[in-house]
Amino acid sequence: MNMAVEFEEDSKSLKDYIAIVRRRKKQLFVPAAITFVIMLLLAFLWPPTYQSIATILIEEQEIPKDLVRSTITSFANQQIQIITQRTMTLKNIMELVEKYELYDEAELKRLTKTEIATEFRDEDVTLDIVSAEVIDPRSGRPTEATIAFTLGYRHNNPAKAQKVANELVTLYLNENLRSRTEKTASTSEFLKSESLNLASQLEALETNLAIFKAENEGSLPELYQYNVTIIERTERELLDSRSRINELEKRKIQLEGELIQLSPYAPIVLPTGERVLSDYDRLKSLQSEYRRKSAVYNTDHPDVVRLVREIDVLKASLGGDINLQDQAELLRAEQDTLSVLSAQYTADHPKVIAQKRVVEQLSGFASGGVDNTTADVVADNPAYIFQNAQLESTKIEMKVLTEKIAELEKKIRHYEGLILKGPQVEKLYLSLQRDYANAQAKYQEIKAKLMDAELGQTLEQGRKGERFTLIQAPILPEKPVSPNRAAIVLVGLILSIGVGLGAVMIVEAIDQGIRGEKQLADVLGTTPMISVPYIYLEEELSQQNKTIYYMIGAAFTAGCLGLLLIHVFFKPLDVIWFILLRKFGLS
């Protein structure tokens with residue numbers, strides 16, 4: 001409560017503030033005037049800075065990206081920043097500084113090269129990105145795209161500002177062209193080197209694959225079905241051959257049985273029509289009779305002697321004994337006779353004993369005891385010759401089929417071995433094929449990328465890709481960009497008023513004098529009974545009037561000076577007048 005009362009007692013009215021200003025006129029106007037003069041001097045004595053600006057357009061490639069893609073995929077902002085870093089090097093900056101004498105001798109001695117380069121890059125060079133809202137063709141959403149950028153240089157000499165700006169533009173354009181060309185060329189070289197490496201790897205894999213195929217011919221996975229088919233066909237052929245050989249065996253037995261019943265020699269027919277046995281058949285008949293007689297009689301028996309003599313004469317005529325085949329046939333016939341007699345008589349019966357002797361004699365002949373010189377005797381019985389030819393043909397066919405069966409069985413074992421070997425071969429073969437397929441796919445991918453890179457390189461060399469185009473060259477600046485003298489004057493005016501008011505407040509706070517009824521009442525603790533106002537003399541009134549006139553004149557002068565500054569440094573007054581008329585709709 002006491003604080004509220006004290007605050008209420010200490011509060012001043014507008015009349016009190018006006019009284020303070022009147023009382024402290026000197027403390028108000030002197031600091032304000034000094035401050036304003038300083039700001040005016042600063043505004044007019046600050047050396048002007050000129051800026052020459054160039055506008056560089058970022059043009060898209062002429063050929064649609066769907067047809068030819070550039071190998072440079074970085075964004076425009078990124079490219080600009082990269083080019084800036086490569087261009088704004090200490091070497092390039094110092095060359096420009098020395099070429100155009102941008103700093104005087106004193107500044108060059110005072111600052112190091114690094115400081116000069118930093119000031120040049122951060123303060124003197126300006127780079128502004130120009131963006132536009134576009135529709136992304138892939139997503140269909142609006143986005144910002146960099147379409148251009150401005151590059152400028154500031155200097156107190158307009159001619160030097162223009163020249164340096166031109167040099168910077170040249171550096172940016174050349175660096176962009178060089179970097180894009182180098183990047184596409186390096187990309188093409190890298191892909192070409194990779195394609196050569198992959199081609200050599202692919203060739204080595206192809207060689208290994210060919211060697212593996214040659215070493216495992218027939219066991220490859222793709223030949224499995226072929227091998228199975230070959231085995232099935234061979235087994236069918238083997239079955240047919242075995243069936244055929246069985247048929248031939250039966251035919252052979254049949255032909256041999258029929259051949260036994262035929263004589264190799266044709267019978268002799270006398271003029272009387274009587275058929276006479278041939279010498280060969282007669283010899284067989286006599287030998288058969290001899291065996292029977294010799295089994296019954298002694299060797300000096302007249303019948304036995306006669307038979308021996310006739311047999312010797314026929315042998316001399318035929319050139320030898322009958323062949324072993326006929327002996328075997330006779331042996332089988334006599335054995336059949338012995339079997340019949342054994343079934344009819346006992347073992348000690350004379351007929352059985354005699355027949356056994358005959359069989360024993362024929363057994364000795366069949367084992368090779370008799371000469372076989374008559375084997376070369378040429379038969380002349382057509383039926384025998386035909387039957388014998390069929391028998392020989394059958395034997396030859398059986399021999400051929402037997403050899404064929406052996407070959408077919410060998411072939412089946414071979415292909416079965418290939419199939420059994422298949423799983424292990426397939427494992428290694430699939431591994432080689434997988435490596436080869438991966439290498440081939442990578443090689444095709446690199447070749448496709450190499451073709452794109454070569455197209456991109458041609459695109460950049462022909463300047464058909466994305467490029468920087470100078471659309472606004474640096475011009476000679478006519479007006480400085482800094483300082484903003486009107487703004488400095490305006491700030492000076494506001495600052496001078498603030499400084500004046502601040503000085504008044506400080507002096508008023510320091511002053512311990514009692515002014516006014518309220519301060520007196522505060523000191524005395526009671527309100528005065530009567531208050532006598534200040535009585536102005538004529539000289540004081542005259543002085544106040546002069547002061548008012550001076551203030552009006554000073555305000556008029558300041559207004560005129562302000563208008564002059566606006567007309568000279570900001571915009572002509574007539575232009576401002578027409579702008580105001582048009583804005584308020586009066587013209």
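Modeller: In the pairing I would start with, Leu-96, Lys-99 and Tyr-100 of helix 5 meet Lys-160, Lys-163, Val-164, Glu-167, Leu-168 and Leu-171 of helix 8, where contact means heavy atoms within 4.5 Å and helices (H or I, at least four residues) and strands (E, at least two) are DSSP runs numbered from the N terminus. This is a predicted model, in which local features need pLDDT of at least 70 and side-chain atom pairs count only at pLDDT 80 or more, while totals for chains, interfaces and linings use all residues. Residues are numbered from 1 along each chain as its sequence is written, and side-chain values use heavy atoms, with hydrogens and water left out.

By class, the contact of helix 5 with helix 8 has five nonpolar, no polar and four charged residues, with Ala, Val, Leu, Ile, Met, Phe, Trp, Tyr, Cys and Pro counted as nonpolar, Asp, Glu, Lys and Arg as charged, and the others, Gly among them, as polar. The two axes, of helix 5 and helix 8, come within 11 Å and cross at roughly 150 degrees; axes are lines fitted to C-alpha atoms, for helices over the stretch in contact, and angles run from 0 to 180 degrees between N-to-C directions. Helix 5 and helix 8 are therefore roughly antiparallel to each other, a term used for angles over 145 degrees.

Phe-120, leaving aside its neighbours within four places in sequence, is in contact with Met-88, Ile-93, Leu-96, Leu-102, Tyr-103, Val-125, Tyr-153, Val-164 and Leu-168. Among these partners of Phe-120, Leu-96, Val-164 and Leu-168 also take part in the meeting of helix 5 with helix 8.

Glu-175 is likewise found in helix 8, and Glu-175 is buried, with a relative accessible area of 11%. With neighbours within four places in sequence set aside, Glu-175 is in contact with Ile-83, Arg-86 and Thr-87.

Notes. Buried < 20%, exposed > 50% of the residue type's maximum accessible area, 1.4 Å probe, protein only. Parallel < 35°, antiparallel > 145°, perpendicular 65-115°, else oblique.
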